[in-house]
2 protein chains.
Amino acid sequence: MLPVIAAEGSPADTEECSIPLVREPVGDAAASGLAQVFRALGDPVRLRLVSLIGAHQGGEACVCDLTAAFSLTQPTISHHLKVLREAGLIDSERRGTWVYYRLVPTALERMAAMLSPPAS
Amino acid sequence: MLPVIAAEGSPADTEECSIPLVREPVGDAAASGLAQVFRALGDPVRLRLVSLIGAHQGGEACVCDLTAAFSLTQPTISHHLKVLREAGLIDSERRGTWVYYRLVPTALERMAAMLSPPAS
DNA sequence: GCTCTATCTTGACGCCCGTCGATGCAGGCT
DNA sequence: AGCCTGCATCGACGGGCGTCAAGATAGAGC
């Protein structure tokens, strides 16, 4: 249940995962954690979910909005949201009847930094 | 039919995929192409392969070097390299007996740009 | 030519993943 | 109370993916 991308202060994480991927060989432990996040993005539906949430008014969207954008059942969308949440890419908050999903910017930024070339 | 973003049937790569993911909703065609690349990175072995190739002397490595870094059979490594090559993340060149693999920097940079926040 | 080495391909196996219908649960309404 | 709506979970099905052993292919050298 713990997000792979540490929310705050996971020391091992900052050492292994915050350097660019191609600077030095990544260990298998770090590779497994990183791969989970990339795998979460490795589905067209989840990619569009992230995009929809990020582009939505106020930076958040409720499940009903998201479900309406696909020709998939609501349990399927809920499953994909769970995968993204467990990868640390999004988080959710319940307000009254609706549950709102929001991106975790630091998670996306860290993945971007991982793919960026070391310096040049 | 749906006026998402993209007209189908054109290589959506170059145009569609260069906008940050969270700026505006991504169409299904672009999402499928993007998801293929993310899925290619969504395996610990392939992630370590990319890391090993990028960190290797001269920016390239032959299969024998890569195979030695894992406790997997050579056909399995060859399979993973094929997945990465079909995703456009690496390319290969045969020199004599050995096949050398090299990263495609623009591919990694584009994925990084996709994950970067629009403005801030 | 033949042989050896390095690499790719094929076929098969098991498991994981995406999807669904059905059900459960929480909160708002009357 | 009762009901209805939004969302999560469960169980199951089918297809895809990672892995392997075995065979095929390419190049170097004799």
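The legends below describe a predicted model.

**Figure 1. Surroundings of DNA strand D.** In this view, 23 residues surround DNA strand D. The closest are A:Cys64, A:Ser78, A:Tyr101, B:Arg46 and B:His80. By type, the residues of this surface divide into 9 nonpolar, 9 polar and 5 charged. Sugar or phosphate accounts for 78% of the atoms of DNA strand D within 4 Å of the protein, and bases account for the rest.

**Figure 2. Side chains of both protein chains at DNA strand D.** From chain A, the side chain of A:Ser78 has an N or O atom 2.4 Å from a phosphate oxygen of DNA strand D. The side chain of A:Gln74 has an N or O atom 3.1 Å from a base nitrogen of DNA strand D. From chain B, an N or O atom in the side chain of B:Thr76 is 2.9 Å from a phosphate oxygen of DNA strand D. The elements that give two or more residues to the surface near DNA strand D are helix 4 (63-68), helix 5 and strand 3 (98-103) of chain A, along with helix 5 of chain B.

**Figure 3. Surroundings of DNA strand C.** Here 22 residues surround DNA strand C, and the closest are A:Arg46, A:Thr76, A:His80, B:Ser78 and B:Tyr101. Of the atoms of DNA strand C that come within 4 Å of the protein, 75% belong to sugar and phosphate. The residues of the surface near DNA strand C divide into 9 nonpolar, 9 polar and 4 charged.

**Figure 4. Side chains of both protein chains at DNA strand C.** A phosphate oxygen of DNA strand C lies 2.7 Å from a polar side-chain atom of B:Ser78. B:Gln74 places a polar side-chain atom 3.5 Å from a base nitrogen of DNA strand C. Two or more residues of the surface near DNA strand C come from each of these elements: helix 5 (74-86) of chain A, and helix 4 (63-68), helix 5 (74-86) and strand 3 (98-103) of chain B. Helix 5 of chain A gives the most, with 4 residues.

**Figure 5. The hairpin of strand 2 and strand 3 in chain B.** Strand 2 (residues 90-95) of chain B pairs with strand 3 of chain B in the antiparallel sense, over 6 bridges. The hairpin has 2 residues between the strands, and B:Gly96 takes a positive phi near 70 degrees.

**Figure 6. The contact between chain A and chain B.** Chain A gives 33 residues to the contact, and chain B gives 33 residues. About 2600 Å² is buried between the chains, with 75% of that area from carbon and sulfur atoms. The count of salt bridges between chain A and chain B is 1. This salt bridge joins B:Asp28 and A:Arg48, with the closest N and O atoms 3.8 Å apart. Across the interface, 8 residue pairs are in polar contact. On the side of chain A that touches chain B, helix 2 (28-41), helix 3 (44-55) and helix 6 (105-115) are the elements that give two or more residues. The residues of that side divide into 20 nonpolar, 6 polar and 7 charged.

Terms used. Residues numbered from 1 in each chain as written. Chains lettered and ligands numbered in written order. Predicted model: local features only at pLDDT ≥ 70, side-chain atom pairs only at ≥ 80, totals over all residues. Heavy atoms only, no water. Contact = heavy atoms within 4.5 Å. Buried area = accessible area lost by both parts, 1.4 Å probe. Salt bridge = Lys/Arg side-chain N within 4 Å of Asp/Glu carboxyl O. Polar contact = N/O pair within 3.5 Å; in protein donor to acceptor, adjacent residues only side chain to side chain. Nonpolar A, V, L, I, M, F, W, Y, C, P; charged D, E, K, R; others polar. Near = heavy atom within 4 Å. Pairing = 2+ DSSP bridges.
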